Every structure is written in structure tokens, then in C-alpha cells.
Amino acid sequence: MELKDEMGVILITTKSGSSAGGESSKNEITINSSYFNVDFASMPDYQMQYGNGFDQAFGWFFSNWGPSFQEGGPAGWGGQSSINGAVSGTPGYLRHPYTTASSATGIPQILNAIGIDPNELYEWKPYDSVGQFFNTGHVFSNNINIRGATSDGTVNYNINYGNLEDVGFTPGNTVNRNTLSFGGNAQLSNKFTVGGTLNFTQTKFKTPPVAAGYGSNVSGEGASVFANVFYTPRSVDLMGLPFQNPVTGESIYYRQNNSIQHPLWTVNNASNIQNTNRVFGGTNISYGINDNLNLSYRYGVDVYSENNINYTNKGGKTGSLVNRNGIYETWNNTKSIYNHNVNISGDYDIDEFGVTFNLGVDSRSDTFDQNGTRSTGQQVFGVLRHFNFEQQDEIQFLEKRNIIGAFAQAEIDYNRFVYLTLAGRKDWVSNLAPENRSIIYPSASASFIPTSAFPEIKSDKISFLKVRAGYGTSANFPFEYPIAATLNIDTQSFIRNGGYIISNTSGSVLGNPNLKPERIDEIEFGVEGRFFNNRLRMDLSIYNKKTNDLIISRPLDPSTGYTSTQTNIGLIENKGVELDLSMDWIQSDDGINFSTSLNWSTNDAIVIDLGEDTDRIVYAGFGTLGNAAIPGESLGSIIGSSITRVGATIENSRWVGGDGGLAVNNQGSYDETFDPTIIGDANPDWIANISNSLSYKNLSLNFLFNFQAGGDIYSTTVATLLGRGLTTDTLDRELSFILPGINNGQPNNKQINNSTFYFSNVLYGPDEMRMYDASHWRLGEVSISYSLPKSLIDNTPFGNISITASGFNLFYDAINMPDGTNFDPNIAGVGVGNGRGFDFLNGPSAKRYGASVKLTF
Amino acid sequence: MKHINYILGICLSVTLLLASCETTELDLTSNPNALSPEQADATFFLNSIQVDFAYWVSSMGDRGGELTRINYMNGRTYNNVYSPDSWDGIWSSAYRGMLEDIRLMNLIAEEAGLSFHIGMGKVFQAYIMLTLVDYFGDVPYSEALQGAEGELNPAADSGEAVYDASIALLDSAVQDFNTSGPVPSDDFFYNGSRLKWIKAANSIKKKALLNKGDYSAYSAITNYITNSADDFQFSWGTSPATPDTRHPLYSSNYTSTGGGEYMSNWIMFKMLNGHAGNTDPRINYYFYRQVSETPGFDSNANEEVLECGLPGYYVPPQYRNDKTPFCAPTNSANNSAIGYWGRDHGNDNGIPPDGFLRTLRGIYPAGGAYDDESFTGLVDGSGAGGAGITPIILSSWMHFMNAEVAVSTGGDPTSETLTAIEQALNKTDDLGGPEISASDISAYIAAFTSDWNAAGSVADKLDMWSTEYFISLTGNGIDAYNSYRRNGYPRDLQPNIEPDPGQFPLSQFYPANYVNNNSNASQKTTKSERVFWNSNGPNNLK
């Protein structure tokens, strides 16, 4: 886990307790406890009419375009010899798929052992596969916090212990976490103040494997528990069909050649486990040189040790032979971050001016050390130790980076209604070439409070007003070793005459000694106001952020000898507005209180200049399908293949000319143009959150809505659910389809059947067909809480008792996406990185509901 | 008191300095996770190049074979197959993988006088560049591989210039083999025999000259691969993992879930019919049948696994004659398929669960199983376990090419054709399976000769010549793709199942990672752009 750092120094602070200034020293204990049920929120509306097959004919396929579950009608099963009794002997029943499997799969040989008769029948009807696959999970969390201070406030402390147990709705997915932390501060008598915090976290995480899928098994290596579950044909009994060969341990499932890995086999035989121990905290010591000056030193440390296990037993049916023969990997990642900071700060008051300043140096050192072993070729099924595997390979990676910085900052205020802050910083980083490794970045900001400067402005209507303007900068540095030229060695590249062959091959990344740090410059204007006796509060912020020399990995034409290099893109401009409004509609001391808060924001990131000898860089995803930086276009632009436009050509990644007609080929399907064009923009038009709070005496009700307008998503989940005929959106399928478009200069009239329409076009047509608008609304949170009245608890040791019932993500709707898919756009399909707007059958979304209790004594 | 405070302050600073030394090191620019280029070894480079070359030829050869019906081509229209990004891996392997490694190896080898290494590198480089031009047309060469000097957008050189440079490279390779450099420790092809390498270089040169149509220069070269002891081929192993050394076609045919590739109905049809009633004896080495009866042809139709075998199934008009098979390697003239189960050219249907029913590749050339009529489903490890060959130039191919030159210069192709067929037949049992008896070979050749003599025109003879040539090219269809575009034979190749598939691709779309990342590259509008040596080629290719 990488901690991203934009401001130069990571400051980790935890509660150090505080003196309840002036009151007698009270040591307070707070206990928080909560229990939530977690459910699968994005369950599609599966249709109950049609089953496994293609062209309304039955077959044990991956798709669901087969006969209907009724006997009569043109698509009825009465016409299917496998189902109408001609083959099985009983109408409405098939021969059990395991009884017709090829003998090379090993399934016919073990029918007895799994309790299936050679004449076993299988009922032709819709099964609830996906609903039964997911369970209801729960989150149970407890937290106790103790804090206190001496009566004179010179010493205070804080201790915290927390425990979390999270069982997900996906089988085999759990998280357990324990945290313990201490902190305190003491003012010593000799002008020294010392303080420190120490936190310890232990996390155990387990999950079945998740990887990208395109609607037909998993893409690439490994397995994914989600890849096949969502498009299980309606007539396949996922939960009822035995999943494991009792003799060999292999996966078994419904295809005659056993070519789909049973999802339950994946859950029971493959897993990623991560046990992490983390220690972080720091200590600080400061010395008051005099009343105005202070010298301090702060030391911070953050070390985690993450032990990983990844395994798949042999007998899987997906991926290459290596994957099917069993894999076992164990490795440890140790990440250490050390921080030193020396600082002189001052605080002076000169007449009506107040001046505070900071001067200092700091250093930060990051080390990531990974060591482990990868074993392949399991011998005895189910034994997961390295001695049981045939071949071993290394897992090893080391990365170290140091950053040193020097900074100065001064804040001047005039009579506490005009403030001016000036700051500057210079950083040096260790992984760039000496002439490019340092960067200077200044900042300045000013704010003015008219209501303090001119008290006559204050009135019933205007209670407070503040305007501010600022110019701030920050820098980013690359990771790993972008300037180095590399060479690869493979000590097991081939076998000849019984021995291994060693090979060298050139490194594919071009080292770039001219790489510079990124610098981000931001100008912001803001207005903050409170009106109508503080009932209406507003905070408006308008900003323009320019990123210079953004660091990305640029793909190269391999004929240069390299496939990528790290480079600086010229200039990206980010403009946005953010508005916060809150209104207390009804206020009373012991009656009804009702208030609403609105947060509305919009943001546009446009690529101004690529600064390179190129006009497009695909910075995330794949070369022909991904997010691209194109001058003049949004940074979130998604490029991919598109439907050919009649009479148009492609310029600067867009179709120009023509009249927008879509070209249909002589087979009745859309003609595909492979040259990538912009097919969508992952960036939403605006985002808003509205929260409402209603309270009456000790009872309060809160509910929060989230809205997103615009933003596109490339969704393989939706395309697969439609393309394989699974949801209610595909019920109307027995007649023919005509794609809107132009064929040979005339409006298209070529009729195609349901599978050509949905399977060949929606699911496997041009990339443009899989883009959907992700606008949605969501009921993000609802909660009711009750605080026990003081009269009840006055005679108890408790200071405060409150109970809350809440639900998260209970309702949502992606308004422009097909209704039956119930898709939740709030997922990240390309993992950690710069990519946005993609879903590759990566996973479902969750909703939670439950209760929590808070006690203080 | 003050003194104590100052002393405390100084102690603090000193401790700080000592403690933070490791964290203030600013020169951490070299990558500990890889070697640096100074640590390279020329022999290790050569190993990587040789293995990459075998994979590369196998992939390019696969696609050439798919277009010429030696393999099964998924479909449907010629515009849809082989999208630009499907060539990305091949482009990257050719330039970044092999050509860059050859360049870096030469830097070390020239200093150390390793002329054998340099010669081998030149042979590979020439073959790679010739094949890239054959498939794509104009490609970068003189401006390529200069990324480290800042050339990130190399412009393409004309195909003709690249061809001439490659031919010159082959001559220079011959000279390198005649110098006394040490033999590399691992020569996968010829085990260190200079004479054989020289023949291989000359054979590749002849191939290039034939494409250019330079018959006199072609015939002037006499030291080339004439019999199978000198065949230029790569032999694969049987290790399934870490590393996987099996023939690439083996790993896609023999898996735990059955076959992953379909065989071409056209080639099985031709071999099954053979000549004058003699089935081609090679058929049991080329293909393995997992079942003895093909549904719809030898037994009742089964809609689930072979839908097109249903009675009354729609036959596209271009298939309604006896020269072409439909759905199985058979047609209305001879209805039984005796268990052979493949697919038609351009068929893009979904995959039924027929992994253990369809016909698999046999022992030649993929190192699979010999068809001994055991008719069982086979999984990985069966047969020869992947110990097959990828042929780069075989002696039989050289004789087929000689026959073509004979026809083009007004001579008689008969003797070269018969020599070629005999050598091809003899080669087929080299990987395993029972030996093809001399009587079987002579019977087949006699049958071929009688059909040959009965053939009315030169065109009919060329149909037969090219069919035999294609059968022998199984395992590497690069020369089949070239020959078909040069000559237009055989004329009775199975048509695309799509009645309107578009024009047969005379070149391929440029790879996506070339056109999308190189500002001097632009994608072709169609695949009907001709390669330079094909400007006068036939127009009626299907």
C-alpha cells in the first residue's frame, strides 16, 4: 500500500488527548459498538423465460439464447429432442449433464461417488443460481477509547482499542482487524514539551481470486470468482451441481468437455490471504527558546509487514497449463517510511500586526522490500506447502526512494481581519538524474473578513463574510527507477539436452534521464458567508489547477526498440467549482430542528499540451481501449473501436464529416473501425450530495442522497448480462431485429436474430457498444438515533448513551443503463492507478443496514 | 542552565545527523531489480533470439496457414479477421524482442570476434524483415531501434529497400560463417555446422528472389537445402511449465478440457480423397480423430455439437458443388467423414462443448498423437507430449519452388514436383509413429503421377502442385500465403462460408502499437494494398 504524498511531508497524528481546559480533570471512557448486515446490492433482474442454448435450440453453452421454459410456442421445449423426452424418457427433463460428459473429463467414471445415477434426470426450469451464491454478510465492530488529562492540563493521554470483524457476502471473503493505540503529551518544567503516539494494527484479509473478465471465462491467467457467476445460464443449477471430483479434486461442471471452472470450486480451492502487521507513530520534542520562538524536532515512523499467500489447487479448468496444475505463492512485503523534521517557529505581535512563521528541513525515506517464492506443479492435491510442488521461481522486488526538503512559511494578519500567508519549499528526490532532481514551489494566499473589518455590515441578514484568494503549488515525484537502462536475464528460458538454457533480453522500458518532477499550480477564490443569524451557511470555491509535466508511462512503438518510457506530459488544466450550502429551516431548543446541507461540485480536466512529438498518449488501460490524453480533450476520455460512420473520416481521434449514419455490413451487423476514437468521457458533468437532518428532543433522523450527472462507463458486466440473454431486458427475443443504420447507402433493412443482435453486437461488437452513461442517484445513508435523556442516566456511571439504526446504499438507480441489469456504477475496474470508467466483471456493490450503540462514562 | 540546554540541543542535532544518513542518500537511480546493459553476454542473447524466433515463426506461420486453408480461419469477413491489435505481440517480439537483442549482441560479438554468432543473427534478421514486408509492406528498418538516441517515431522504409538490405545481409552472413569464430554453446538449429547454416542462408535468399521474380539469380544459387538432412527447423520439447517447451500448437490442442483449435475441413478433405482413390498416407500423422463417426455424416445428427450436420441444413450457394467440402471433410459426392471433424473457412459460430469430439493435430508437426484408430478423447501429455518441429525451410519446399521456377521459365515442373512429394512423405514419420513404408510412398506417387498426366492444362497441373505444396507447408504457412498471392493456385480452395467476405487480404493492417504510438505511421484504409513484389499478382483470390 502506497501512501501518496503531494505536500512533501506525511504527518501522521492521532489523538493525543486534550486538556478539557479549565474543568476538573475528567478521565473519560467511550465505547462504540455496531453490527451491520451486508447484502449484495446489485443483483440483476434475471429473466425466467428462456434457458441455455443458442438460436432457441438447446445446448450446454455459455449463453442463454435457448428454448423457453414453456412446452408450447415456436421457442418451446416441446420441439427440443433433448428436453421433450425423446432422449431422456421424461418430457420436461434432460439427461443430467454429468451423465453425458466425455469420458476424457473423468466425470462419467465418478458418477457413483457423487451420487448421480447413470440415468439421472435434470429438470428444465429456471434456477436461482446467483441469488443463492451470495450470502448475507455482517460487520461487527467494537471500539473503546480512554482519555484524560491532569487538572492543570500539562499532561494528557489517550488510549484506544478497536476490533472489526467483516464477513462479506461473497463466500470466502473476510476481514478481521485489531487496532491498539497510545498517545500523550506532556509539558515539562524546563521549557521542553514532549509528546508521542504509537499505533499498532493487525489485519487479516481473505478473498477468493478476482480478476478481469470479458464475458467468457477470465481474461488472461488465474481465475476470478465473479467471471462466470453473473452469466450462469438460467437453466444451470450453480448451487446444486456437484463441483469437485472426489477422487482427483478437479473442478467439474456442466459442459461436456468440462471447460468452465465451477465457481464453487474456485471458492473452495483458490484464495488470496493477506496478514498485515503495521506500526506507525512518532515522537516530538520541542523547546521554547523564548516566549515567541520555538524549536522542535519530530520523528515519524510507519512500517508494515504484509504476509501474502496466493494459491490455487490443481484441477482448475481455466487459464494455461501452469494454472491448471496448481500454484502456491508466498511472499512478504515490508514497507518502511521514516520521517525526520526540524522546525523553528515564531509568533510575534507588532502593534496591530500578528506574524507567525515556520522554517525547517525534513527528510522522508521510503523502502519497499518484497521477497517470496512461487511454486508450480502441485503433487498431492490440497497440500499447500512448497515441498509439495515441482518447480520454484523467485518473487523479489526492491524499491527505495528518499526525498529531502527545505521550507519556509510566514503568516501575517492585520487586526485579525486581513490575513496574508507566504510559503516556499524546495525538494530533492533520489530517483531522478542530478540535473533534474530538485524543484522549487512557492505559494501565497490572502483572506479578508469584511464583517470584522467593517462591523457595520453585520446585520440580521449578514452574520459573517470572508473572502479568500490563494495560489498554491505542490510537487509529485515518480516511483521506482525511471531513468535506468535495464537488461533481463532468465535462467530457465528453455531446456536443451536435459539442462536449462539461460538467456538475456533487452529491457523493454526506455530509461528517461530527462524526467522531471510534476508541479501542480492552483489558483483558488472562495467566499464564505453566514446569513440570517447563522441559519444559512455558504462556502463557494472556484479553482483552476494546472498540472505541469504530469508523469505518466507512455507506450512506444516497439520498432524503436522499447515498448514504454516514463515521461512528462506538458500541461493539464483542471477547472472546477464547489459549493457548500446549509440551511437550518427550523430551530428550537427542545422542539423540532430541521436542516439541510447541499454540496455541489463540478470539475473539468482538459489536456492543453502533450509537449511531445505525439498527439495522443494512452495512459491507462490497453493500447486500443483505455483512457487517453489528447490535446483539447478531457483527461478522462475513453478511446476504443467504434461503429464506422458513413461518409466520415477520423481526425484527432474523432469522427468528422458525414451525417452521423452508422454503417451496417452485409451480415446485418455494425461495421467496426479499429482505429481508436473517443467513445466516452469518464468525467461526470457534476456531482451533488444532499443531506437532511431532522431532530426532535432526543431523537434524530438523517438521510443523505448522492447524485451524479454524466460520466461514462465501459461496462462488461452490463454487456455480458445483455449479450448472453440473462436479464429481463432481453425478454423480447423471438422476432428478428434490425440495427438502426445505413447499409450500402440505404437505410438498413437486414434482419438479424437475437443472438447476432445481442451477442455479436452488444457484447462482442465495437467497443463503443459497451459504453453506457453512468448518471445515477443513490440513497447513500439513512439513520435514526436516540440519545437517552439525562434524567434517565444521571444516577448511572454513564455520561451519555445513544443508539443509532442506519442503512447504507439502500437504494440506487443508474437511470440511463438497462433496467434489468441493476448495475451500480460505483466500482473501480482497473484497480489502483490512473484509469477511470471501466468495469471488467470485477464485482458487485454492497448495502449495509444495522445498529450501533455509543456509551460514554 | 543555559549551557545545559545548548549542550542538549547540540547532542540532539548530532544524533539526528547520524540517524538520518541512510535517509538522505540522494543517488538511488539504478534499478536493483534488473541487470544493467554492461552485464550482458552474447551467447545468452543468442539463446533468447533463437527461442523467440521459433515462437515468432510459428505465430506468423499460423496466420499464413489460416488464410490459405491449411489451418482453420475464424471469421467472418476478411476485414474483421486479424484486427490491428492482434498483431501487437508479433511486432513487439520482432523489433523489441529479437532485432534489438541482435543489435546488442553484435556490439559485444564484434569486439570479441564471435562471427558465428553474428552470422546466425544475420540469418534471423533477414528472415524476420522479409516476412514483415511480406505481411505488412513498408516497415521501419533504417530508422528503427534508435529509441535511446531519441528517435521515437521511425519512418517506414519501402518494402523493396528492406528486401535488398536483407538479401545483402544473407550474403554477409555466409561470409561470417566462413570466418573462424567459435561455435556458440547452444545452436538449436544445426549444432554448430557452418555448412548447413550457409545452405540455410542461401535457401532464404532463393525464397526472397523467387518473390521478386528474379529467376536467373534464383537458379544461380546451387548450395542450398536439397535433402532433409539439412532442413532448417526448430525442435520443441515436452516440459509443460517453467519453462513450457512444448510445440505451441500442441499446448492449444491437448488440454484438460479437450481441443482448443479446429482443423481445416479443406485440407482434411484433400488428404482423405488423395489421388486416384489413394488416401494420402500422411493423414494419420497430421490428424488424430477422437471419435470414429461424425454426427450427421456417419451417424445421427447431433444439433448440440455439430449443428450443420442436421438434414436440410442451409448450404451457402458457393458450397453447392463437389469440389468443396461443407461442415465436415466431405461433400455430396462421398458422404462419409469417418470421424474427421473440423470447420469451414470463415465460420465464426460459438463453441459447442465438442472439445473431446473434434479432430486434433497429430504427431506431425506438433508432436501430438498418431492416429492409430483408438478414437478416445485426449488430454495434455498424450502422444509425443509436444516434441514437434516448427519448419522454417524444408528441402521439399525448395523442390516445390524449383518446379514453380521451371514453369515460369518455360520448362517442365514434373521431376521437381515428384522429388518434393517424395521428400515430404519421407519427412512425415520423422517425429514418431510407424514408418511409412516405401511401397505406400511409391503407390501414392504413382497415383499422383497418373492424375498429373491426365490433367488437361498447365493450370490443372498447378492446382495439384500447389495443393501438395500447401500440405507440406503445414506448420508454417508463410510461404503458402506468399505463393497464393504470387500465383493464385490452387483455384479450388474452399471459399469463405460468407458469400460476400470482401477481398482476400493482399497485405495486413499495421499493428495497433505501431500506428497508435508512432506519429510517422498511419493505418491502411484497406487490406487490398499490394506488397511491392506482388504488384502484378492475380486478382481473383478467394
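Modeller: Keep in mind that this is a predicted model. In it, helix 11 (residues 395-408) of chain B packs with helix 12 (residues 414-428) of chain B at an angle of about 165 degrees, and their axes are 8 Å apart.

Biologist: Why are helix 11 of chain B and helix 12 of chain B called roughly antiparallel to each other?

Modeller: Angles over 145 degrees count as roughly antiparallel, and the angle here is about 165 degrees, so helix 11 and helix 12 of chain B are roughly antiparallel. As for handedness, helix 11 of chain B passes helix 12 of chain B in a left-handed crossing.

Biologist: Which residues in helix 11 of chain B meet which residues in helix 12 of chain B?

Modeller: On the helix 11 side they include His399(B), Phe400(B) and Ala403(B), and on the helix 12 side they include Thr417(B), Ala420(B) and Ala424(B). Sorted by class, this contact has 5 nonpolar, 7 polar and 1 charged residues.

Biologist: What makes the pair Arg437(A) and Asp27(B) a salt bridge?

Modeller: A side-chain nitrogen of Arg has to be within 4 Å of a carboxyl oxygen of Asp; the closest N and O atoms of Arg437(A) and Asp27(B) are 3.1 Å apart, so the pair counts as a salt bridge. The count between chain A and chain B is 2 salt bridges.

Biologist: How many residues of each chain are in contact, and what area is buried between chain A and chain B?

Modeller: In chain A 85 residues are in contact with 90 residues of chain B, and the buried area is about 7500 Å², with carbon and sulfur atoms giving 59% of it. Leu487(A), Phe494(A) and Arg496(A) lose the most area in chain A, together 10% of what that side buries.

Terms used:
Residues numbered from 1 in each chain as written. Chains lettered and ligands numbered in written order. Predicted model: local features only at pLDDT ≥ 70, side-chain atom pairs only at ≥ 80, totals over all residues. Heavy atoms only, no water. Axes fitted to C-alpha atoms, helices over the stretch in contact; angles between N-to-C directions. Helix = DSSP H or I, 4+ residues; strand = E, 2+ residues; numbered from the N terminus. Parallel < 35°, antiparallel > 145°, perpendicular 65-115°, else oblique. Left-handed = near helix turned anticlockwise from the far one by under 90°. Contact = heavy atoms within 4.5 Å. Nonpolar A, V, L, I, M, F, W, Y, C, P; charged D, E, K, R; others polar. Buried area = accessible area lost by both parts, 1.4 Å probe.
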